[in-house]
Structure formats: structure tokens, C-alpha cells
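Please find below my note on the model under review.

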Amino acid sequence: PELARTLSGVNLLFHDAGFIQIKVTVINLLLAAVLGAGLLRGKSLLRYLLGDAFRLSDEGWRLLTVRFALFFLCLAAANEVARRVLSTDAWVNFKVFGILGLTLVFTLAQARLLEKHALREPAS
């Protein structure tokens, strides 16, 4: 949040929409880096965030974390392409509707992984 405020402040200072566009890339790269760093340390940081919502095997958490880290990298790349080839108005539509749509589709596509790696309650 602090980085986002700083980048927004830079945008206001220089009156340049480019800083807002770059902020999306920076945030997605940071999310990918944090998830990747956790994996390198043998931890799934998504487990800490979503552990109360889902009960998954260790392999399930690892796969979900890898997929989300890669997804954030792809979003960063897509934003870089979009900000370079689209007008500012078209980029805003991409940011609001495109990124939201991609995120919803990607998240729903993880249903099979969640089902396959779900921990079952022991029969009583």
C-alpha cells in the first residue's frame, strides 16, 4: 500500500498518467516476487492468506502458489503491452474490465486443482 501511495503521489506531482499505468505492473511483479520468494523458502504464502477458506495438501498449496505467481507475472506483462499499445482511455478499460475479467477466469480455472488436492475429512 505504501508503494502504491508513493506512485500515486508521483503521478500527481508530475501530472503523468504513465506512473499510474506503471503502478499496475509494479504491484503485480511484487506479488509474484513475494509468492516466489515464499516458495524458495519452502512456504506457500497463499496458505497463510487462504488457509481458513481451503484445506489443501502441501502439494496443492504449492501448485496454487506457483500458478498465482505465474499469473501475476503474466498480468504484469499484459499491462506493459497494453500501456504501450493502447490509448489512456482504452488502457483504463483494460485495467478495470480486462484485468478483473482475467482474474475471475483464472481463479475459476483453479477449481479442479482445489478439488483434486482438497483434504477430506476423516469418516466418523
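Where in H5 is the kink centred, and by about how many degrees does the helix bend there?

1. Kink in H5. The kink in H5 is centred on Phe94 and amounts to about 35 degrees. The bend at a residue is taken as the angle between axes fitted to the seven residues ending there and the seven starting there. Helix H5 covers residues 88-108, 21 residues in all, and spans 29 Å from its first C-alpha to its last, close to the 30 Å expected at 1.5 Å a residue. That expected span is 1.5 Å times one less than the number of residues in the helix.

2. Basis of the model. This is a predicted model, in which local features need pLDDT of at least 70 and side-chain atom pairs count only at pLDDT 80 or more, while totals for chains, interfaces and linings use all residues. Residues are numbered from 1 along each chain as its sequence is written, and side-chain values use heavy atoms, with hydrogens and water left out.

3. Confidence. The pLDDT, which is the predictor's confidence in each residue on a scale from 0 to 100, has a mean of 89 over the chain, and 85% of the residues reach 70 or more. Confidence is lowest in helix H1 (residues 2-14), with a mean of 62, and highest in H4, with a mean of 97.

4. Overall fold. The chain contains six helices and zero strands, in the order α-α-α-α-α-α from the N terminus. Helices (H or I, at least four residues) and strands (E, at least two) are DSSP runs, numbered from the N terminus. Of the contacts with a separation of 6 or more, 61% are between residues 24 or more positions apart; a contact means heavy atoms within 4.5 Å.

5. Burial and surface. Among the 124 residues of the chain, 30% count as buried. Here buried means under 20% relative accessible area, exposed over 50%, and partly exposed in between (1.4 Å probe, protein chains only). The chain exposes about 8,300 Å², of which carbon and sulfur atoms supply 67%.

6. Packing of H5. Trp91, Phe94, Ile99 and Phe106 are the buried residues of H5. The buried residues of this helix pack against helix H2 (17-40) and helix H4 (58-85).

7. The whole structure holds four salt bridges, each defined as a side-chain nitrogen of Lys or Arg within 4 Å of a carboxyl oxygen of Asp or Glu. In one of them, the side chains of Arg47 and Asp58 meet at 2.6 Å, N to O. This pair links distant parts of the chain, with Arg47 in helix H3 (residues 45-50) and Asp58 in helix H4, eleven residues apart. Arg47 is partly exposed at 33% relative accessibility, whereas Asp58 is exposed at 56%.

8. Glu59 is partly exposed at 36%, as is Arg62 at 38%. The side chains of Arg83 and Glu80 meet at 2.8 Å, N to O, and these residues are also three apart in helix H4, about one helical turn. Glu80 counts as buried at 18% relative accessibility, while Arg83 is partly exposed at 21%. Salt bridges with shared partners join Glu80, Arg83 and Arg84 into one network.

Technical notes
Accessible areas come from the Shrake-Rupley method with a 1.4 Å probe; for residues, only the protein chains shown count as cover.
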